[in-house]
Amino acid sequence: MRSTERRSRRHYLAATLAACAALAAGVFAAPPRPEVKMEPVKPAPVAADPAAGKALYERHCAQCHGEQGKGDGPAADLVYPRPRDFTLALYKVRSTPTGQLPTDQDLYRAISEGLPGTSMPPWKKYLSEAERWQLVHQVKTFDVLDLFRDEPQKARIAVGSPPRITPELLARGKDLYESKKCGQCHGQYGRGDGTSADQMKDDWGFPIRPVNFTKGWRFRAGDRVEDIYRTFTTGFNGTPMPSFVDAIPAAEDRWALAAYVKSLVRSQKTGHVLKARFHAGAIPADPWAAAWEKAGYVDFLLAGQIIIEPRWFTPAHDVITARALYNGREIAILVEWDDGTHNRGGAKPADEVELQFPARPDTGDERPYFVLGDRKNPVELWRWNAGKGLTRLIAEGADRLREERDGGIAAEGTYRDGQYRVIFRRALVPESKDALRFEPGRFVPVAFHLRDGDAGEEGLKMAVSAWYYVIAELPTPVTAYLWPLVLGLATVGGEIWLLRQLRRRKGVAA
Amino acid sequence: MQRFAFSITVLIWAAVYAGLKLLVSPPVPTSVVTMYMVLTVIGTLIFVAANEARFAHFVAPIRSVFTGEAPRAVQVVVLVAIPAAVAWVTYQRVVPSADAPFEARVVHPEPPASFPLHGKRMEVAGLANPLRSTGPELRKRIAEGKTVYFRNCFFCHGDTLAGDGHFAGAFLPIPGNFRDVGTISMLQESYVFWRVATGGRGLPKGATPWNSAMPVWQNFLTEDEMWKVILYIYDASGSTPRTWDEAVSHAKH
């Protein structure tokens, strides 16, 4: 009895002391220290050979980064983002605290893996390890302030391995995403459409846009949770992306945010055929309806239109996503793409999408030229403009476009949370004999054009795709199940017969 | 060895299949894999059947399943797997496919006898690169060709001419890989010049000119620039063009 009393009194005392300490910490202590574990940096495993490094640099790098490393090579103004200017030693992808130099390993990694979403390729495909290390040494020689020589990086951030991804962790990450205002630049759903996304500039004064968190394939520093965590911890020097170690001091919280951002990434599914699934009843006009979700999607990659003047080397869009449904009456194609800005015309051109089909339903083996057709083989364009809505055009080459009547096409587009969704509809088989036909089982060539008004894209300044196909999928006939069943059973019959034969013979032999 | 005739045969089939599927790049079409597999199966069976004892060893494991000598589990698995495989293959054959229709394409079509260039006609026969020389000016021309390449071609053909530039994924057919021995190193410079000058639009019908993203470069470049960029792509890919003399000797053999 006594001992329990004493114990409980001691507990009471301890609790009081703890409460006082906590109070004192809360009142007097500085904000919590950022929790960042550091580890020593390993030296570069290959010694510098300036002559070899210079030769390799001139052969493989100078075309973009320039002879003097100023990021001004012959291709520099034709790629977006612009190539890195090495003279200021400001690097985005690092393993070091904000404002500091990268380690040699950081430079080696960027050279080896490339920078996704840019024209910097992964050089590990073409150059040996020793050659890539020579390039690391060479790139450091362009540093005009001699920072690499005077204060080489001795420590780097130890990333470690990510925690287990749990719903609680993601919920915490989501809270942080909101409370730390990530959405202000990156948008509520991460599509790079935040309110301050416009008008951002990097340290060189070039316009820069926040990354779209749904496009993991464009994350400069990689899209593994570890990579995202590293980026939060280091920040991107030379850009508006800060380090979050002060804003989010606990490493665990940064992991939660990294896990949440990773959960926003969607997977890219490229393909050659857009399959329209059969949908019983009316096809929903709401592009967020469950039927569209179920229809599945195909990502069609886009490139700049660099074939006809004015050539366009830096397209704003890299992909367009399409879904399709059909019923007994009509086919509906939903195209969606992310755009941080909603341009409806005025000072800047309006955002615009086009579906391109052969204008004649039967062109045999031949097809119209994949960019706007030609005199012999015209194309039909279903254009939806964010300001003007639908127009139907016939193009006999880039210089001969004419507007036509809508031909029974309808289009409805919406812009929400940094994303356009446009639904085009038309009768499967129209009355007119020379119109496009989408009867089930028929492959119809289709191509896509996309224009971002904010980037000044209009007319031939656009992103284009190759020819693909759209097909209203034939429902699987009963015979597709019947035949396998019949042949499978016949095989079982054959087995039984063989079994009996061999066993009887065995019996006789015995 | 003969005792393991069955296991060895099955291993050979598996090895050939795995080799065709995993080791060959770009991927081999299914029809070609099927052809090779049929040949492999026939070849091994002929070999097995050529010797009576070997054949007996080969058949024994199969026989044991049906006579009931094999372990019970093996009997069940084999007897169920055979009809299931038959049903699966049948289903694959009859189910309507929505794979893109196959489109035949001639990769290196016959060049025409002559083609239009900046308002005149170029004869292909005997056409050689007027800028190819052995003097010191060659390096300078190659360097100029490099600038032309990186302001016009690298978006698709890539930094290292491997046909994998940042736009490459958006086009079908994919851009040419000049590092591949099957491309420019087996062609004459006149052929490459024709392809550069007239682009995708200059291809004959069999080469699907409507799909090619290759621009008509004579619309953007001078004759000299085109010859210089050709010097560059041969130099940077470490290949040498076929010459007319070689072509003649090829024809004779």
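This is a predicted model: local features need pLDDT of at least 70, side-chain atom pairs count only at pLDDT 80 or more; totals for chains, interfaces and linings use all residues.
Local features are described only at pLDDT of at least 70 and side-chain atom pairs count only at pLDDT 80 or more, while totals for chains, interfaces and linings use all residues. Residues are numbered from 1 along each chain as its sequence is written, with chains lettered from A and ligands numbered from 1 in the order in which they are written.

Chain A splits into domain 1 (39-157), domain 2 (167-264), domain 3 (273-472) and domain 4 (480-510), with bounds that come from an automatic or database domain assignment. Between the C-alpha centres of domain 1 and domain 3 of chain A there are 41 Å.

Within chain A, helix α5 covers residues 129-140; helices (H or I, at least four residues) and strands (E, at least two) are DSSP runs, numbered from the N terminus. The twelve residues of α5(A) reach 17 Å from first C-alpha to last, close to the 16 Å expected at 1.5 Å a residue, where the expected span is 1.5 Å times one less than the number of residues. Among the buried ones are Trp133(A), Leu135(A) and His137(A). Their cover includes α2 (50-60), α4 (104-113) and α6 (147-150) of chain A, going by contacts, in which C-beta atoms placed from the backbone lie within 7 Å.

Helix α10(A), residues 251-264, is mostly covered too, with eleven of its 14 residues buried. These include Trp255(A), Leu257(A) and Tyr260(A), and the buried residues pack against α7 (167-179) and α9 (225-234) of chain A. The end C-alpha atoms of α10(A) are 20 Å apart, in agreement with the 20 Å that its residues should span.

Strand β9(A), residues 379-385, has seven of seven residues buried, so it is largely enclosed by the rest of the structure. Val379(A), Leu381(A), Arg383(A) and Asn385(A) point one way, while Glu380(A), Trp382(A) and Trp384(A) point the other. In general, side chains in a regular strand alternate between the two faces of the sheet. β9(A) pairs with β8(A), residues 352-358, in the antiparallel sense over seven bridges; pairing calls for at least two DSSP bridges between the strands. Three residues separate β9(A) and β10(A), which form a hairpin.

Chain B has nine helices and two strands. Its radius of gyration, taken over C-alpha atoms, is 27 Å, well over the 18 Å that the globule rule (2.2 Å times the number of residues to the power 0.38) gives for 253 residues, so chain B is more spread out than a compact globule. The C-alpha trace of chain B spans about 80 × 40 × 30 Å along its principal axes, and 28% of its residues count as buried. Domain 1 (2-94) and domain 2 (114-252) make up the division of chain B, and their C-alpha centres lie 48 Å apart.

Where the chains meet, chain B brings 39 residues and chain A 48 residues. On the chain B side, α4(B) gives the most, with nine residues.

How values were computed. A residue is buried if 20 or more other C-beta atoms lie within 10 Å of its own, exposed if 12 or fewer, and partly exposed in between; C-beta atoms are placed from the backbone. Two residues are in contact if their C-beta atoms, placed from the backbone, lie within 7 Å.
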